[in-house]
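Please look through the sequence and the structure shown below before reading on.

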Amino acid sequence: MSGVLIWIAFVFTQTSFSTAQPVEMMGEKRFAKAPYCPDQILAPQHLYQKVKARSTIECMAQCRPDADCSAIVYDTGNHDCQLGDSKAYENCSNMEAAGPNMKFYHEPPPCGVGEEMGPDGICVCKAGFKGYPNCVRYLSDCDDVYHYGNWTGDGVYFIQPLLSAQPFQVYCRFITNARNYIMERRKNDMEFNRPWNDYVNGFGDVDGDHFLGLENIYALTNDHKRFELRVVVKDEANDRFFENPYKETKIGNAASGYPFLFNVSAHSTLPPVGCFQSLYGAKFSTSDRDNDGVPNVHCAALREGPWWYNDASCNTCNPTGPLVRPAGGTRLGVDNEVFWTHVLGNVAPFKVTMFLVLQSEFNSCWPNC
Ligand SMILES: [Ca+2]
């Protein structure tokens, strides 16, 4: 066995050095502009050799094969290429002011767990990690809770996307993949016609009827993951109806009125059919905040349903309106009742559920799960 390994190592070594040496050597050592001490170069005592080079690239090429070399100072005027022998550049007291033509590059230190090399040569936290220089994983959504948190089954968990100043609770359910519930109307024990601030901050019990809050949804959908929005509405017989998923759903920030956004080009049929079809870019409105953009119309007040509105028709759905649950299961046909005409027509919704799920993990069982 050891003989085989030696033979493999021998062949590999021979191959590396006989055919690919220059390329391999060029690729071994990366360089970056030293970020620690701007406009400074290594002091002379940390430079151990001076050679000539026609360019910065050629100077780097002189450094690469030298195991002692980890930095260069190159003068584009006189073509002096000085090789540095230590990581001294990490301490500005080892540096001095750069001359007018002096360029300084160093070999970036390896990045730690949870880090990657940033564009300016400093390690930064990878997506999903925060707190450089001690990058730790954070829980940005239910999928993170499932994989990295203390998952004990479907239920309420704390998450904290980067844009959220503090952790907040969300109901997480795992069916093939993790669902982040943003709205639930199942028990009809919660008033949904509420003022602006309630919708900004969220209300209700995340374990029951609730709205997660525009600020929380904003933070959740503007972290490093792509979500698609799914809607489930149920009729009196508890039959389920499903709204087409809206891919890469995002909520814009407070300053822009928390607009509803999705990636139009990510859909095979454009735009996707459903209540949200015409709501791209619509701002959120409540009975005390008319953002629908239509003069003399106040959709949220008319519908008694705070939601995204942007035209005089005031939408083809009203998920936050009064949950009438009429006997017989047919809509009353009034403005102020829950309806979802794209999937139910005149059938009255008795339950409405909305959740976000990671787009990259499209749920193959949908909509039969
Ligand atoms: Ca208006």
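In this predicted model, strand 4 (residues 71-75) pairs with strand 7 in the antiparallel sense, and the pairing extends over 5 bridges. Within this pairing, A71 has H106 of strand 7 as its bridge partner. Strand 7, which spans residues 102-106, also pairs with strand 1 (residues 32-33), again in the antiparallel sense but over 2 bridges, and here K33 has Y105 as its bridge partner.

These pairings belong to an open sheet of 5 strands, in which the order is 1-7-4-5-3 and the pairing is antiparallel. Strand 1 and strand 3 (47-52) form the edges, and because each has a single partner strand, one side of each is left without a neighbour in the sheet. For strand 3 that partner is strand 5 (residues 80-84), to which 5 bridges join it in an antiparallel arrangement, with L47 standing opposite G84.

Across strand 3, strand 4, strand 5 and strand 7 lies helix 3 (residues 56-63), whose direction makes an angle of about 145° with strand 4. Which residues in helix 3 are buried? They are C59, M60 and C63, and because they cover an arc of only 100° around the axis, they are on the same side of helix 3. The buried residues of this helix pack against strand 4, strand 5 and strand 7.

The largest nonpolar core holds 51 residues, of which V170, C172, I182, W308, Y309 and L356 touch the most other members. Strand 23 (residues 351-358) contributes the most to this core, giving 5 residues. When residues up to four places away in sequence are not counted, W308 touches F260, L279, A282, K283 and F284. Another core lies apart from the largest one and has 17 residues, including C81, Y89, F104 and Y105.

Some details of the backbone also deserve attention. Most residues other than glycine have a negative phi, and most peptide bonds are trans. The peptide bond that joins Y132 and P133, however, is cis, with omega about 15°, and P133 lies in the loop between strand 10 (129-130) and strand 11 (136-137).

E304, in the loop between helix 7 and strand 22 (307-309), is a residue other than glycine with a positive phi, near 50°. C314, which is likewise not a glycine, has a positive phi of about 55° and is placed in the loop between strand 22 and helix 8 (341-344).

R289 is found in the loop between strand 21 (283-285) and helix 7 (299-303). With 18 other C-beta atoms within 10 Å, R289 is partly exposed. R289 and A301 are 12 residues apart in sequence, and their C-alpha atoms are 9.2 Å apart in space.

It remains to consider the confidence of the prediction. The protein chain has an average pLDDT of 87, and 87% of the residues score at least 70. Over residues 1-27, however, the pLDDT is below 50, and this stretch has 6 contacts in the model beyond near neighbours in sequence. Where pLDDT is low, the predicted coordinates should not be read in detail.

Definitions and conventions. Residues are numbered from 1 along each chain as its sequence is written. This is a predicted model: local features need pLDDT of at least 70, side-chain atom pairs count only at pLDDT 80 or more; totals for chains, interfaces and linings use all residues. Two strands pair if DSSP finds at least two bridges between them. Helices (H or I, at least four residues) and strands (E, at least two) are DSSP runs, numbered from the N terminus. A nonpolar core is a set of buried Ala, Val, Leu, Ile, Met, Phe, Trp, Tyr and Cys residues joined through C-beta atoms within 7 Å. A residue is buried if 20 or more other C-beta atoms lie within 10 Å of its own, exposed if 12 or fewer, and partly exposed in between; C-beta atoms are placed from the backbone. Two residues are in contact if their C-beta atoms, placed from the backbone, lie within 7 Å. pLDDT is the predictor's confidence in each residue, from 0 to 100. Axes are lines fitted to C-alpha atoms, for helices over the stretch in contact, and angles run from 0 to 180 degrees between N-to-C directions. The arc is that of the directions from the helix axis to the C-beta atoms.
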